[in-house]
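Subject: Structure for your review

Dear colleague,

Please find the structure below, followed by a written account of what was found in it. I would be grateful if you could read the two side by side.

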Amino acid sequence: MHWGSVLEEGGAGMVRPYFRTHGRTRPTRDLPIETLVSITQRGRAVVRGSTTEESEICALLRTSQSVAEVAALRRIPLGVARVLLSDLADRGIVAVHTARKGSGNRPSLELMERILHGLSRL
């Protein structure tokens, strides 16, 4: 198969996950799917050295989104989203908001409601 024909037929979205993460498969942070992330003040400024993928993720994060929502909205595998979000957090471009636990080390009702609302938007 010739690459030109793949690109002409709309196959540009068929980029291998390891290409998007520069071969890395593990994030530097623990990011469960329900973890909320948002853009920081630094991220709102012009971000030099960001890839197109990172810029598009930052555009999504003008409002807080869960890791799962970022993956779904960007149509990328969850593992790729975790690596990219972890990289952005390490550079101070996105903030990671840890969920408060409810009773018995369970997620809080507030968190569960946000997840349900987010899933219904998908």
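I begin with a salt bridge, defined as a side-chain nitrogen of Lys or Arg within 4 Å of a carboxyl oxygen of Asp or Glu. The side chains of Arg 91 and Glu 54 form such a pair, at 3.1 Å from N to O. Their pairing links distant parts of the chain, 37 residues apart: Arg 91 belongs to the loop between H6 and strand E3 (94–97), and Glu 54 to helix H4. Helices (H or I, at least four residues) and strands (E, at least two) are DSSP runs, numbered from the N terminus. Glu 54 is buried, with a relative accessible area of 6%, whereas Arg 91 is partly exposed at 29%. Here buried means under 20% relative accessible area, exposed over 50%, and partly exposed in between (1.4 Å probe, protein chains only).

Please note that this is a predicted model, in which local features need pLDDT of at least 70 and side-chain atom pairs count only at pLDDT 80 or more, while totals for chains, interfaces and linings use all residues. Residues are numbered from 1 along each chain as its sequence is written, and side-chain values use heavy atoms, with hydrogens and water left out.

Further salt bridges

A search of the whole structure finds 4 salt bridges. Side chains of opposite charge can pair when their charged atoms come close. One of these bridges joins the side chains of Arg 29 and Asp 90, at 2.8 Å from N to O. This pair also spans distant parts of the chain, since Arg 29 is in the loop between H2 and E1 and Asp 90 is in helix H6, 61 residues apart. Both partners are partly exposed, Arg 29 at 34% relative accessibility and Asp 90 at 42%.

Glu 56 forms a salt bridge with Arg 74, and their closest N and O atoms are 2.3 Å apart. Because Glu 56 lies in helix H4 and Arg 74 in helix H5, the pair ties together parts that are 18 residues apart in sequence. Glu 56 is partly exposed, with a relative accessible area of 33%, and Arg 74 is partly exposed at 22%. Glu 53, Glu 56 and Arg 74 are linked in a network of salt bridges.

The buried residues of H4 are Glu 53, Glu 54, Ile 57 and Cys 58. Seen down the axis of H4, they fall within an arc of 135°, so they line one face of the helix; the arc is that of the directions from the helix axis to the C-beta atoms.

A nonpolar core is a set of buried Ala, Val, Leu, Ile, Met, Phe, Trp, Tyr and Cys residues joined through side-chain atoms within 4.5 Å. The largest such core has 18 residues, and those with the most contacts inside it are Ile 57, Leu 61, Val 70, Leu 85, Leu 88 and Val 94. The elements that give two or more residues to this core are E1, helix H4 (52–60), H5 and helix H6 (78–90). H6 gives the most, with 6 residues. Leaving out residues up to four places away in sequence, Ile 57 is in contact (heavy atoms within 4.5 Å) with Val 70, Arg 74, Leu 84, Leu 85 and Leu 88.

In helix H5 (residues 67–74), Val 67, Glu 69, Val 70 and Ala 71 are buried. Although Arg 75 is not a glycine, its phi is positive, at about 55°. Arg 75 is exposed, with a relative accessible area of 75%.

Thr 35

Thr 35 lies in the loop between helix H2 (17–20) and strand E1 (36–39), and is buried at 9% relative accessible area. A polar atom of the Thr 35 side chain lies 3.0 Å from the backbone oxygen of Pro 32. Apart from neighbours within four places in sequence, Thr 35 contacts Gln 65, Ser 66, Val 67, Val 96 and His 97.

The chain as a whole

The chain contains 7 helices and 3 strands, in the order α-α-β-α-α-β-α-α-β-α from the N terminus on. Of its 122 residues, 32% are buried.

Yours sincerely

Definitions and conventions. Polar contact = N/O pair within 3.5 Å; in protein donor to acceptor, adjacent residues only side chain to side chain.
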